[in-house]
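Thanks for asking me to look this one over. Here are my notes, point by point, to read with the model open beside you.

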Amino acid sequence: MVSTIQNTDVKQKDADHAVVVAITSHAAFESGADDGDAVYREGVAFPLLQALQKVNERLLEENPAESLLFDVILITTDSQQQQQSSRVISSTRHYGLEVSRFCFSSEEDFIESLQKNNVKLFLTTDTNEVTQASQTGVVSVLLDQQTAVCSSEQLRVMFCGDAVIRPDTGPMPLTRQAAQSFSTQLGEMRQKFGMFDSPLSFILVTSHGGRESCRGALQMLRSRGVSVDEAYCLAGAPRGPMLSLVQPHFLLRDGYSSLEE
Amino acid sequence: MVKMSLDPVQVMSGQVKELKVATSSNGDSRGSWEEKEEFDQDHLASPPSQNQHITTALPSLVHMEYTSKVTGRRARKVEGGVFFPKPENAVTVAVSSRVLFRTEREQKALETVNARLRELYPQSEELFDIVLVTYNHAHVGIRLINTINHHNLFIERFCMTGGSSPIGYLKAWHTNLYLSADSEKVREALAEGIAAATMFMPEKLTEVSESQLRVAFDGDAVLFSDESERIFKAHGLDKFFEHEKDNEDTLLDHGPLKGFLEALGKLQKKFYAKGQRLDCPIRTYLVTARSAASSGIRALKTLRAWGLEIDEALFLAGAPKGPMLEKIRPHIYFDDQMFHVEGAAEMGTIAAHVPYGIAQKHNPKQKTSVAK
């Protein structure tokens, strides 16, 4: 059974316009074996959470009545975590995280939570959860140790321009649609800021093909309302060294998303 | 073995054989490029360059050729992708956007070398690779690519960093040489151990060969360290000669562009191995103020010990470099002293300033460089 609890420390967002982002408690917090009732330590998603908050702050600076904001909810995806509800809540408050709701679900019903909360982006450290959620058409991202070293000041979203070229490793149709509308919403948010000093940054990386495929990707993204800030056309060069410089928080590939291939 | 021209008369009298030269279509009257780097939107109005078709004979059965409709350039198509060398195997030249759009002839010369390398070694990745590394914002990305197409440039790899420093990407690309109009970026690159130089464009370009890439280097503080220059500046010419004589058998330490000369030499050897020494499409020159009979010996011994060949070593014994460069017609000339860079540009040679060593301290306009 899922229980949803509002975080009274945080102002609730406009459900019609906000972009709901769900983060699992495993991604948000590190649970150590010996901790007992103590506050959790910061998890790999911390900088990401802070970056999301930064975007909201700046959006409200531009327009205090802004409703196109990130609505972050914390979700548990196994019964063990589900039972740690008070600790999850107290840790969230301790760090002053801008989490508006908690969904205490188990492995059986967390998908239901995602659906009910109209989640547009699901962030987790668990591969199986990514697969399950993707299958129901939710844009899902696998976080890992690399996420932990990303910026907490600027949300960096990477688009991979090669999805078109490799249809056999492509996404499922459900998530493709969801990813596209999610990118469009991000694009709208980005428009509220200037070219430089934006709390939100879009990066395009095309791994294969030359400049023509990169141009195609830039045009395709532009048609979706996404104006790219940084572009890297690798034409076969290894991605690793580039990615460690670019340091995106996550990658959108129209579906199953991961920083590792 | 290093070929040495000792006789100044011999050297000065057109010993350079006649080569096919490209008609210069560059009417650009800009001088120095030391301005903040920006994608030059004026360039959209420039007339298209001559469409040079580089023919490659690729006998391999596995690889197909296709002619790109846009560029008219033949590239190898491999299993659904286009063939590009791995950065660590290629001789990678990274350029800023301003440099990219002003070095069409030089890029053509690199492509000529590549075409000939592919003929001889169809499977090899040891080729020139040009990468655009710019801190332009990607909102000009489409326009930039359109301009590249418009000018038929051979560039498929780029980084548009949207404002953050491109220096990290230079390393990621295994850059062998970085050319920019921004001297700050060049200094940063040198400090990271990457061969780099600030480009200076002449008002009027002299013609250069299309079939042979010619690269000229100053010696001290470019190929070699600035140790001898330090002696000269601190204690004068006599002390300098004395020091060089005393240390004749001691190798000079290496300078920031030694690695690039090495990379060029590696490609040259590939031509030599196939009996194409006389017809080699890469030629290198040392143009130094040292004199052949005395201080030059140490320079030659050092090059020899490094296993580096240089095709022509020109010892000017302090004479101006401009006229010599005008004779050689290099595609690019590297020097650490602005005086020589400006002199070269005046004579129509593209010159690149290497902001390294003691020579920089004496120019009050520039920040002190990091001596290696």
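1. Leaving aside neighbours within four places in sequence, A:Leu218 is in contact with A:Leu204 and A:Val228, and also with B:Gly141, B:Ile142 and B:Ile145 of chain B. This residue lies in helix α9 of chain A. Is A:Leu218 buried or exposed? A:Leu218 counts as buried because its relative accessibility is 5%, under the 20% limit. Please keep in mind throughout that this is a predicted model. If you want a distance to check on screen, A:Leu218 and A:Gln154 are 64 residues apart in sequence and 21 Å apart in space, C-alpha to C-alpha.

2. Next, the strands around that helix. β10(A) and β11(A) pair in the parallel sense, with 4 bridges between them, and A:Ile203 has A:Glu230 as its bridge partner in β11(A).

3. Which strand of chain B pairs with β11(A)? The partner is β7(B), and the pairing is antiparallel over 3 bridges. Within β7(B), B:Cys159 is the bridge partner of A:Tyr232.

4. Chain B has its own right-handed β-α-β unit, made of β11(B), helix α10 (residues 295-305) of chain B and β12(B). Strand β11 of chain B (residues 282-288) runs parallel to β12(B) and is joined to it by 4 bridges. B:Tyr285 has B:Glu312 as its bridge partner in β12(B). In strand β12 (residues 312-315), B:Glu312 and B:Leu314 point one way, B:Ala313 and B:Phe315 point the other way, and all are buried.

5. Beyond its neighbours within four places in sequence, its contacts include B:Ala109, B:Val113, B:Phe128, B:Pro281, B:Ile282 and B:His331. B:Leu213 and B:Ile332 are 119 residues apart along the chain, yet their C-alpha atoms are separated by 9.1 Å.

6. A polar detail in chain A: the side chains of A:Thr124 and A:Glu129 are joined by a polar contact of 2.7 Å. A:Thr124 lies in strand β7 (residues 121-124) of chain A and counts as buried because its relative accessibility is 0%. Setting aside neighbours within four places in sequence, A:Thr124 is in contact with residues including A:Thr24, A:Ala27, A:Val130, A:Val141 and A:Leu143.

7. Two backbone angles to check. Most residues other than glycine have a negative phi. A:Asp197 is not a glycine, yet has a positive phi of about 60 degrees; it is found in the loop between α8 (173-191) and β10 (200-206) of chain A. B:Asn152 also has a positive phi, near 55 degrees, and sits in the loop between α4 (141-150) and β7 (157-160) of chain B. Are these residues buried or exposed? A:Asp197 counts as exposed because its relative accessibility is 61%, whereas B:Asn152 is buried, with a relative accessible area of 15%.

8. Finally, chain B overall. Chain B has 12 helices and 14 strands, and buried residues make up 59% of its 372 residues. Among contacts in chain B between residues at least 6 apart in sequence, 76% join residues at least 24 apart. Chain B exposes about 15700 Å², of which carbon and sulfur atoms supply 53%.

Note on methods: Residues are numbered from 1 along each chain as its sequence is written. Chains are lettered from A and ligands numbered from 1 in the order in which they are written. This is a predicted model: local features need pLDDT of at least 70, side-chain atom pairs count only at pLDDT 80 or more; totals for chains, interfaces and linings use all residues. Side-chain values use heavy atoms; hydrogens and water are left out. Buried means under 20% relative accessible area, exposed over 50%, partly exposed in between (1.4 Å probe, protein chains only). Helices (H or I, at least four residues) and strands (E, at least two) are DSSP runs, numbered from the N terminus. Two strands pair if DSSP finds at least two bridges between them. A crossover is right-handed if, with the strands pointing away from the viewer, the path from the first strand over the helix to the second runs clockwise. Contact means heavy atoms within 4.5 Å. Accessible areas come from the Shrake-Rupley method with a 1.4 Å probe; for residues, only the protein chains shown count as cover. A polar contact is a pair of N or O atoms within 3.5 Å; within protein, one must be able to donate a hydrogen and the other to accept it, and residues adjacent in sequence count only if both atoms are side-chain atoms.
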